[in-house]
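Open the model in your viewer and keep the selection tool at hand. We will go stop by stop, picking one element at a time.

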Amino acid sequence: MAAVDAQFYWMSAKIPNDEFLLYAFDGEPADYALVIEQLRRRANQDPELALRVRDRGPLVYPQWVPAAVTTDRVVRHDLDDHSWAGCLAAVVALAGDQLDVCRMPWRLHVFGAVLGIPGVTGPGSVAVMQVAHALADGARASAMAGWLFGRPDRVPGVRRLRAGFLLWRAAQAARAHRQLERDTRAGLLAPRAGPRPLLPTNARPGASRSVRTLVRHRSQLRGPTVTVGALTAISAALSELLGDAADTLGAEVPMAKPGVAHAYNHFGNVTVGLHPKLGWDARAERIAAELADGRRRFAHPATRYADRAFAAVPAVLLRWGVTQFDFDVRPEQVSGNTVVSSVYRGPADLSFGGARVVLTAGYPGLSPVMGLTHGVHGIGDTIAVSVHAAESAVPDIDAYVRLLDAVL
C-alpha cells in the first residue's frame, strides 16, 4: 500500500473517511437477484475491484491482496420512507457502518421503489457505492462505479513508486521547495492561500446530520466551468446565511494532481477565497483564477518531489505520526470554511438492471473542524449540487438549501 493510502487507512480509525457515491436510475430491475449476481461477476472481472487489505503489523505497510468479490458486497435495503427525501436520510445513516478494509474495501447499497427522484416520473432505484478512502479518491471511485454499471473502461492501475532512501528524497524535496519559494517571490507562481478565521460552518459536527441535493441542467449553471459556477453560487448562499461573518469565506477544493498516479489517492486540496462582496462576474473570475493558480502550483516539480519523499517515509514512523493526531484540539484558524468536491462522472451511459442513470451525487464527509461540505457531480448534462451538514454547524439545512436553490 502506498504511504498516502496507508495514511487514509490508519486515519480512518480516528476520523471515518468512507466515501459514498450515489447513482439514481429511472426504473427498477425486474430480477434483483440476477442483477446483483451480474454486478458481482463484473467486479471480479477487474482486479482493481477484487481486493482487500492484509495488515501485516505496525512495522510495515499494509498490503493489497486479491480477494474474490462475494454476494455480500451488494446489500439491498428496504426503506420505511420510499420518498427521495427518505432515501437520502437512509444514505446519511450508512456512514454509521464504516467498512473493514481487511474484509471488503467497497460495498454497494441498493434502494428500490424510490419515489420522487428528480427526472423520474415513477418508481426508481438508487445505488450507493461505499468506498474506503484508502482504496480510491473521488475520480478513481467514480471509475470503479462506472465499470460496475456497464462502462467499458476498466479501472486504471497505478504505477507504484519504489520506496527509496528517505534522507535523499527529503533533500531533493527541500531543494525543489526552495525553488518553489523563489518562483513565488519572482511572481511566476501565486502564493499559497493563507489560513482564515473559523466560521460557524467549522463547528464540530454533532450526531444530527443531513444531506440534500439540488439538480440542474449544465446550461443553468453560470460560469466558465461547472466548478466555478457552483463555487460562485455557494459563496452567495453562504454570505446570506452567515452575514458579515462571511467576509473571509474560503473553500477547500480537492484537485487531481498532474502526472502519473503512484497511489490510489492522487489529489491535493486547493484553497480558494469565495469573495462574497464582489459582484457575480468578478467573483467567478477571481475564483477561476485562484483555481488556476492552485493547478499551476501542483504542476511545479516541488509537488512531485514532496510526494516522492512522503512515499519513502517508513511505515512505523508514519503510523506513529497518525496516532499522535488529536482531533479534540481546536485550531485557531483553518484552511477553509467549507469543502466543495467537484467530479464529472462521464456520459450518461450507465445502467442498473436495464434502468438508465438519471443523476449522480456525492456527499463529502464531515470532520472535527468541518461541519458543512458540498458535492458537485455531473453525469451527462445533469449536475447535482449537494449539501452535507451537521446541525451544530447549520441549524436549518433546508433554509440554507433554499438560499442555494434560489442563487442557482
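**Stop 1: an open sheet**

Select β1, residues 19–25, together with β6, residues 124–131: the two strands run antiparallel and seven bridges join them. Zoom in on F25 and look across to β6, where S125 is its bridge partner. Keep in mind that this is a predicted model.

The open sheet has six strands, in the order β4-β5-β6-β1-β14-β13, and its pairing is mixed. Its edge strands are β4 (74–77) and β13 (351–352), each of which pairs on one side only. Strands of a sheet pair through backbone hydrogen bonds, either parallel or antiparallel.

**Stop 2: helices around the sheet**

Select α2, residues 32–44. This helix lies across β4, β5 (106–114), β6 and β13. Relative to β5, α2 runs at about 155°.

Next, select α3, residues 84–94. Which of its residues are buried? They are W84, G86, C87, L88, V91 and L94. Their cover includes β1, β4, β5 and β6, along with β8 (209–217) and β14 (355–362).

**Stop 3**

A113 is not a glycine, yet its phi is positive, at about 55°. Is A113 buried, partly exposed or exposed? Its relative accessibility is 24%, so A113 counts as partly exposed; the buried class ends under 20%.

**Stop 4**

Move to β9, residues 250–256. Five of its seven residues are buried, so the strand is largely enclosed by the rest of the structure.

Seven bridges join β9 to β10, and the two run antiparallel. P254 has N269 in β10 as its bridge partner. A256 has F267 in β10 as its bridge partner. β10 is also largely enclosed by the rest of the structure, because five of its seven residues are buried.

Now show β12, residues 338–344. β9 and β12 pair in the parallel sense, over two bridges. Look for E252, which stands opposite V339 in β12.

**Stop 5**

H275 has 18% relative accessibility, so it counts as buried.

**Stop 3: helix α1**

Select α1, residues 3–11. Its buried residues are A3, D5, A6, Y9, W10 and M11. What do they pack against? Show β2 (51–54), α8 (301–311) and α9: the buried residues of α1 pack against these elements.

**Stop 4**

V316 counts as partly exposed because its relative accessibility is 42%.

**Before you close the viewer**

Terms used:
Residues are numbered from 1 along each chain as its sequence is written. This is a predicted model: local features need pLDDT of at least 70, side-chain atom pairs count only at pLDDT 80 or more; totals for chains, interfaces and linings use all residues. Side-chain values use heavy atoms; hydrogens and water are left out. Buried means under 20% relative accessible area, exposed over 50%, partly exposed in between (1.4 Å probe, protein chains only). Two strands pair if DSSP finds at least two bridges between them. Helices (H or I, at least four residues) and strands (E, at least two) are DSSP runs, numbered from the N terminus. Contact means heavy atoms within 4.5 Å. Axes are lines fitted to C-alpha atoms, for helices over the stretch in contact, and angles run from 0 to 180 degrees between N-to-C directions.
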